[in-house]
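Me: I am new to this structure and would like to understand the terms used for it. Could we go through them one at a time?

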Amino acid sequence: MITEYLRLWNARKWMKQNEPFLPTWHAHLGYSLDLFHHFSKGASVEEVAARNNWNQDLLQRWVDVGIVLGHLKMKRNGKIKPKRQLVKYVSKESPNSVGILIKEMMELHIPTMLSYRDLIQGKEVTFFEENYSDTVARTSALLETIAFPKVASSVKKEKVTSVFDIGTGYGGYLRRLKETNQELELCGIEVDETVAAKAWEELTDSGIEIIAGDIDQYETAKTFQMVMMNNLLYYFSQEERQKLFIKANRLLEPKGTLLIISPLVHSKHGQAFASAFNSFMSAHEKMYPVPSARELTEYGRKAKFRLKKMTPIIREGGWYLLVFKKK
Ligand SMILES: C[S@@+](CC[C@H](N)C(=O)[O-])C[C@H]1O[C@@H](n2cnc3c(N)ncnc32)[C@H](O)[C@@H]1O
């Protein structure tokens, strides 16, 4: 009898542990089909389903879950209206939307975790038909809000007048730097052609140079006072990272600054996140586990850099900013 109860208790425990997944599922579907927007002015399930030619029963189930979770409310006239927060943060066109992060978690990270069973057994797994470079560049940019003031303060403190940004994505750090000081000479390199083209389109008028290309192939005689590599290292193997540090050295003037933003393993903060992140990275052929501070210090030492500063940016994510000085 006791054994049976314990079994039931364990089953309940796992069911309960899984419950927090429901809001993310609900928000993800809401974002993917822009449902919070569709219901934003108050609408019935029938109206929204008919307008979009969607399955009304399934939409009703999503609405039922939303009401239980408190994401949605039913008004007296029977129409459904989302909470304002959901319209603001999980609608596609909202300037405050964080839906892209939910998309990345649900469409990149969770499927990768689910494919581990096959991967561990050496079975072939096909990842992602869709090109997710836009998603990844946009989710990284979310960090800018918190990391940029630290970047700007480094630029100011070191009296930097020129910056080269490796793996610039949409060039958000460069754009923000230009806004603080028009005189700065700013240049970014981005390997993904679509991302680079969009960055070029948005930034070139402001005098920021965007190069579409691979840093490994890129050579220039020009030197800069600061090189940045933000959220980039997991695209490079350990051996390639060492080369990247050497390249950063070549791109820098004497006593120049190398600024790195990255999640780190074996650091004081955010180890649950870092280990989950690494499970994702290790599953992909062209991605690599995030480094430790010790590893980076060692690349730095071999490439003639000295680690000057290391500050946490997002503690629960194990995200740090590291400042190296060229010797
Ligand atoms: C995660 S995003 C980070 C973007 C931006 N630095 C940030 O922190 O928001 C990393 C970017 O580096 C680019 N990248 C990866 N390998 C690269 C390489 N070898 N040369 C240039 N860019 C690269 C990727 O295409 C991607 O857009």
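Me: Why is Gly188 called buried?

Reply: Gly188 has a relative accessible area of 0%, and buried means under 20% relative accessible area, whereas exposed means over 50% and partly exposed lies in between, with a 1.4 Å probe and protein chains only; Gly188 therefore counts as buried. This is a predicted model, in which local features need pLDDT of at least 70 and side-chain atom pairs count only at pLDDT 80 or more, while totals for chains, interfaces and linings use all residues. Residues are numbered from 1 along each chain as its sequence is written, and side-chain values use heavy atoms, with hydrogens and water left out.

Me: Where is Gly188 placed, and what is it in contact with?

Reply: Gly188 belongs to strand 4, where strands (E, at least two residues) and helices (H or I, at least four) are DSSP runs numbered from the N terminus. Once its neighbours within four places in sequence are left aside, Gly188 is in contact (heavy atoms within 4.5 Å) with Asp165, Thr168, Leu174, Glu209, Ile210 and Ile211.

Me: Which elements do the buried residues of helix 11 pack against?

Reply: Helix 11 covers residues 172–180, and its buried residues are Gly172, Tyr173, Leu174, Leu177 and Lys178. These buried residues pack against helix 10 (144–157), strand 3 (162–166), strand 4 (185–190), strand 6 (224–230) and strand 7 (252–263).

Me: What makes Asn249 a buried residue?

Reply: The relative accessibility of Asn249 is 15%, so Asn249 counts as buried. Asn249 sits in helix 13 (residues 238–251), and, leaving aside its neighbours within four places in sequence, it is in contact with Ala303, Lys304, Phe305 and Lys326.

Me: What does the side chain of Asn249 reach?

Reply: The side chain of Asn249 comes to 2.7 Å from the backbone oxygen of Ala303. A polar contact is a pair of N or O atoms within 3.5 Å; within protein, one must be able to donate a hydrogen and the other to accept it, and residues adjacent in sequence count only if both atoms are side-chain atoms.

Me: Which side chains have an N or O atom at 2.6 Å or 2.8 Å from the ligand?

Reply: An N or O atom in the side chain of Glu190 is 2.6 Å from an oxygen atom of the ligand, and one in the side chain of Asp214 is 2.8 Å from a nitrogen atom of the ligand. A polar backbone atom of Ile215 lies 3.1 Å from a nitrogen atom of the ligand. The protein covers 94% of the 600 Å² of accessible area that the ligand has on its own, as given by the Shrake-Rupley method with a 1.4 Å probe; for residues, only the protein chains shown count as cover.

Me: Which residues come nearest to the ligand?

Reply: Of the 19 residues around the ligand, the nearest are Gly167, Glu190, Asp214, Asn230 and Asn231, where a residue is near a molecule or strand if one of its heavy atoms lies within 4 Å of it. Helix 9 (residues 133–141) gives the most to this shell, with three residues.

Me: How much of the protein chain is buried?

Reply: Buried residues make up 46% of the 327 residues in the protein chain, and the secondary structure of the chain comes to 15 helices and nine strands. The C-alpha trace spans about 70 × 55 × 35 Å along its principal axes.
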